[in-house]
Number of protein chains: 2
Amino acid sequence: MNPAYAQAKARFARIAALGEAQAMLGWDASAMMPPGGGAARGEQLATLAGLAHELLTAPALTADLAEARAADPWDSANLALMRRAQARALALPTALVEASARANSACEKVWRGAKAAGDFAAVSPFLTEVVRLQRETAEALAAASGLSPYDALMEGYQRGVTAAEVEPVFTAYEAFLREALPQVEERQARAPAALPLPGPFPVAQQRALCRSLSQRMGLDYDHARLDESLHPFCGGTPTDIRITTHYDPADPAKALLGVLHETGHALYERGLPEPWARQPVGEAAGMAAHESQSLIIEMQACRSDSFLRFLGPQLQASFGGPAAPYAPENLGRLWRHVSRGFIRVNADEITYPAHIILRFRLERALIGGDLSVADLPGAWNEGFARLLGVTPPTDAEGCLQDIHWHDGAFGYFPSYTLGAMAAAQLMKAARIALPGLEADLAAGNMAPLVGWLRHNLHGQGNRLGFQDLLRHATGKPLDPGDFTEHLRARYLS
Amino acid sequence: MNPAYAQAKARFARIAALGEAQAMLGWDASAMMPPGGGAARGEQLATLAGLAHELLTAPALTADLAEARAADPWDSANLALMRRAQARALALPTALVEASARANSACEKVWRGAKAAGDFAAVSPFLTEVVRLQRETAEALAAASGLSPYDALMEGYQRGVTAAEVEPVFTAYEAFLREALPQVEERQARAPAALPLPGPFPVAQQRALCRSLSQRMGLDYDHARLDESLHPFCGGTPTDIRITTHYDPADPAKALLGVLHETGHALYERGLPEPWARQPVGEAAGMAAHESQSLIIEMQACRSDSFLRFLGPQLQASFGGPAAPYAPENLGRLWRHVSRGFIRVNADEITYPAHIILRFRLERALIGGDLSVADLPGAWNEGFARLLGVTPPTDAEGCLQDIHWHDGAFGYFPSYTLGAMAAAQLMKAARIALPGLEADLAAGNMAPLVGWLRHNLHGQGNRLGFQDLLRHATGKPLDPGDFTEHLRARYLS
C-alpha cells in the first residue's frame, strides 16, 4: 500500500474512533444520563468534535492525501471520500462553524418554547439567523465542490443525488397523490372499522416482544442493546448498536413498529463491511440509504399482509384476548390507516411524502433566498393546503412542528422520502431475486431478505452514491414508479 | 490572569473533558456494553488516551507552562499540578508507555486463567516483564521528579506521602495486630453467635433500599445513577456520578454496604470545588484520600453502633421477619466479624491492613530489585504467615488473588490502608467538631458529617497532598493512633 495512503487511513481510523466515542456519549445522553449531567456532556461532545475537526483539517493529512494513491476500486472510493471529507471541513471557516453552532443551539432552545406556545414570531429572528448562516455554509461548500448551494447541503446527508433529480420525482408524486389519495380514502371509508387490540399491554411484555421480534429480524444482542428514550433512535457503533424505543402502555404498536424500524437501521450498521471499519468507505451510504433500510423492514416487510399473518398470533400470545383483532386484515386496518394529518411523524406512508415535498420546496427557497423566514408560516400553510387540501390550524401543527430547521438541518428532509421510495424499489428487486419471499415473511423468516440486503446493500458500505447504490442493488437508479406501484398494490388493489 | 496561564488552563480543560469521556465509556463498558462491543471500545479508549497524551505533552503547552504565573494559592497549586502532570508524561518515552500497556494487557489476560487454575508458573514470565517495565517506568519518573523510584510510582496514585513515612506506620500496625487480634478473637468467641437475617431478599427491594440509603447519605440522583456491574465501582464525572453494585439474592449486606462505600466516593466527587472543574487542582486529592471518603461513610459511620440502630428498622421494613436479627448488636456481629482470611477483598477492617502491609513490602522489593517474580509465591506465603499466622493453601488464595500487579499497578496498594487510617482520623476530628454526631447517626441524619467533610476535605480538591490535606482537616498529619483507637473502641471495649 502507498505509504501516504496508509497514513491517511490511520488518521481516518482515529477520527472514526472519536466519532464512535461521540456516538456512545450521545446515546448515553438520551437513554441513561441523569439530567444534571447535561452541561458536562455538552463540553465533552464539543471537545471531541473540536479534536475530530482538527485531525480532519490537519496539514499533515492534506499532505498525505496529496501523495496518496489507491490500488483498487474500494481504495479509490475510500480515498475520494477522504478528500471530500477534508475539502468540506476546510471549506468552512472556523468562525462560521462556531457561529452556526451557537445560532442553531440558541434557535433550538427558543423553538422548544415557541412550539409549545404556537408562537412563530418568537423564533423567527433566531431562525432567520440560522438560515443566514446556512446560506453562507451552503455557498462555501458549493464553491469547494462545484455543486449548487442546496445540493452541497444535501450532500452532507446523502451524496449521489441532486435536487434536480429529486424535483421531478416529487412533482410526479404530487400528481399521484391528487389522483390516488381520494380513492384510498373512499375504499377505507367502505371497509369495516378496525377493531382495537384488547389490552392491557404491560410494558414488560411489550419489551420482551420487541426484543424477540428484533432478534427474529436478525439483530444479535451480543452486539446490541434495546433501551428507552423519549425519542426512539438507532445509535452506537457497528459492533455495539444501541436502539431505543418508548413504551406506551395504551398502544403496543408504537414501540413495536418503532423497534422494527430502528432494527432496520441497526441491521444496516451491523452489515457494513467489517474490513473497512473506521474508514469512510466502510460507513453507511447516507441518510436516504439508511432510511431505506429502516423502512424496508418496518413498512415493506413487517406491515405486509404476509408478515401480519405471522405477527398476529405472536401479539395474541403476548397480550391475550380474542383472535379477531389479531387477524391480519384487522392489523392492516389498524396500522395502515391513511389520513390527511398535519404532523409528519404521525403520517401514513401515502401522505408522508407530501410533508417532505413541502419541506423540500420551502427549504430550497429559503437557502436560495427566494423565501424569507418571516413569510414561512404563510408559505407553509398555502403549500400544505395545495398538497393535502387541509390547512394547519396553528403554526405548532405547521412550520413549527419539526426541530430540524431550528437546529440548522437543511437538505436533510428529502432523505425520508428518497428512503421510502428506495425501500419499495429494493423490495421489488428482492421479491424477484427471492421467489419464496412472501412465504418466508408469512413464516416470520427474515433471513432471506436480510441476507439479500446484506449482500446487495449493507456490504457495499459507502462505496457508491445514492443513485449508483440503487443501480448496483436493483439494476436501475431511483424509480419512483416502484413506490407508487407498492402503494397501489397495498391500498388500491 | 496571566495569558499563558489562561491558555494552559484552557488546554487542561480539554484534556479533562477527554478524561470525562473516557470515564463515561469505562462505566458503559462495565455496566451496559454488550460483549461484542469490547474490541471497538478498546480502540475508542486507546484513541482518547493517545490524544490526551498528545495534548499533555504538546510543545505549545510546555511554552505556556514556562510563561505561566499564578496569582493566588489555588492558582499556584493548579500550576504546580499542571507542571507535574506534564513532567510525568514527558518523562516516559512513548515506546515504554506502549510496551507497558501491551505487557500489562497480556499479563492480565494470562492471569485470569492462571488464577482460576492456581498456576503461578503460567503467569510468572508475563509478570516478570510487567515488573521489568514498571521498574523502568519508576526510574524514569524518579529521574524527572527527584523522588525514589517506588515513591515516584506511588505519587501516580497519591501524592504527598512517601514510603519512608508509610513504613513505620505499617510496622507499628503489625505490632498492634500481634497484640490485639488474639484479644478480639477471644472476645468474639465468647459473644453469642450472630443470627442470620431472615430472607428472602428480593433484588427489587435491595435496589430500592440501596437507592434510598444512598440518597440519605446525600447522593442526588439528578447527578447520579445506580446500576449493576460484576465488580462494584464509582465512575463517571463530578456532575454525573455512576455508581454500581452487584446484588446477591442470598445476602443483602453485600450490595448495601457496597453501595454505601461507593456513595462515599461519589459524595467526594460531587463535593469537589465546582469553580475548579476540569482543572488539576479541582480533582480529588488521590486514591488514599478517595478511600478515606468511601470508608468514613461505610466503615466509620454506617457500621457504627449508632447508625446500626437507625439501619435495623429500615432493613426490617424492607425484608420483614422478627426483630431480633435486626438489633444493632446482631448487625454488628454480622457485619464486623473478624477472621484471618486469605482474601483481601473479603477482609474485615482489623486484618485488612495486614494484606496491604504484605503487598507494600513485596512490591517495594520487586521494584527495588530485591525480590524476583519467581520467588514471589514463597515470599508471599512466608509474609502472610508472619502477619496473620496462617498460610494460603494455594497461590489463588495467595499472590494470584489480585489483578493489580498483573495489570501493572504498583504503588497503589498502600492507598487502601492509608485511606482506612485517614478515615478514622477524620471521624475523630468530625466527632470533636460535631458534638451531636452520634445522635445524628442514630437518627440517620448524615448531613452534618457530610457537610463537615465537604467543607474540610471535598471542597479542597487537589490543592494539598495527602499529609497536608489531613493537616488541614484534622490539625495533624497521618496519626495511625486514631485508627487503632477506633479499632480498640469498636472491638475491645
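Which strands of chain A does α1(A) lie across, and at about what angle does α1(A) run to β2(A)? The helix α1(A) lies across β1, β2 and β3 of chain A and runs at about 140° to β2(A). That angle is taken between N-to-C directions on a scale from 0 to 180 degrees, with axes as lines fitted to C-alpha atoms, for helices over the stretch in contact.

A quick word on the source: this is a predicted model, where local features need pLDDT of at least 70, side-chain atom pairs count only at pLDDT 80 or more, and totals for chains, interfaces and linings use all residues. Residues are numbered from 1 along each chain as its sequence is written, while chains are lettered from A and ligands numbered from 1 in the order in which they are written.

**Chain A overall**

- Chain A has 20 helices and 3 strands; these are DSSP runs numbered from the N terminus, with helices being H or I of at least four residues and strands E of at least two.
- A compact globule of 493 residues would have a radius of gyration near 23 Å, and chain A agrees, with 23 Å. The radius is taken over C-alpha atoms, and the globule rule is 2.2 Å times the number of residues to the power 0.38.
- The C-alpha trace of chain A spans about 70 × 50 × 50 Å along its principal axes.
- Of the 493 residues in chain A, 45% are buried, meaning that 20 or more other C-beta atoms, placed from the backbone, lie within 10 Å of the residue's own.
- Among contacts in chain A with a separation of 6 or more, 71% are between residues 24 or more positions apart. A contact here has C-beta atoms, placed from the backbone, within 7 Å.

**The sheet in chain A**

- The strands of chain A make an open sheet of 3 strands in the order β1-β3-β2, with mixed pairing; two strands pair if DSSP finds at least two bridges between them.
- At the edges are β1 and β2 (234-237) of chain A, each pairing on one side only.
- Neighbouring strands of this sheet are turned by 20° against each other on average, direction ignored.
- β1(A) and β3 (residues 240-245) of chain A run parallel, joined by 5 bridges.
- R225(A) has R242(A) as its bridge partner in β3(A).

**The sheet in chain B**

- Chain B also has an open sheet of 3 strands, ordered β1-β3-β2 with mixed pairing.
- β1 (224-228) and β2 (234-237) of chain B each have a single partner strand, so one side of each is left without a neighbour in the sheet.
- β1(B) pairs with β3 (residues 240-245) of chain B in the parallel sense over 5 bridges.
- A224(B) has I241(B) as its bridge partner in β3(B).
- Helix α10 (residues 252-271) of chain B packs on the sheet, touching β1, β2 and β3 of chain B, and its direction makes about 165° with that of β3(B).

**How the two chains meet**

- Chain A superposes on chain B by a rotation of 180° with 0.1 Å of shift along its axis, at RMSD 0.0 Å; the two copies are thus related as by a two-fold rotation axis.
- Contacts link 29 residues of chain A with 29 residues of chain B.
- α1 (3-31), α2 (38-56) and β1 (224-228) of chain A each supply at least two residues to the side that touches chain B, and α1(A) gives the most, with 8 residues.
- The copies meet through the same surface, because 100% of the interface residues of chain A are also interface residues in chain B.

Methods:
Copies are superposed by least squares on the C-alpha atoms of residues with pLDDT of at least 70 in both. Two residues are in contact if their C-beta atoms, placed from the backbone, lie within 7 Å. A residue is buried if 20 or more other C-beta atoms lie within 10 Å of its own, exposed if 12 or fewer, and partly exposed in between; C-beta atoms are placed from the backbone.
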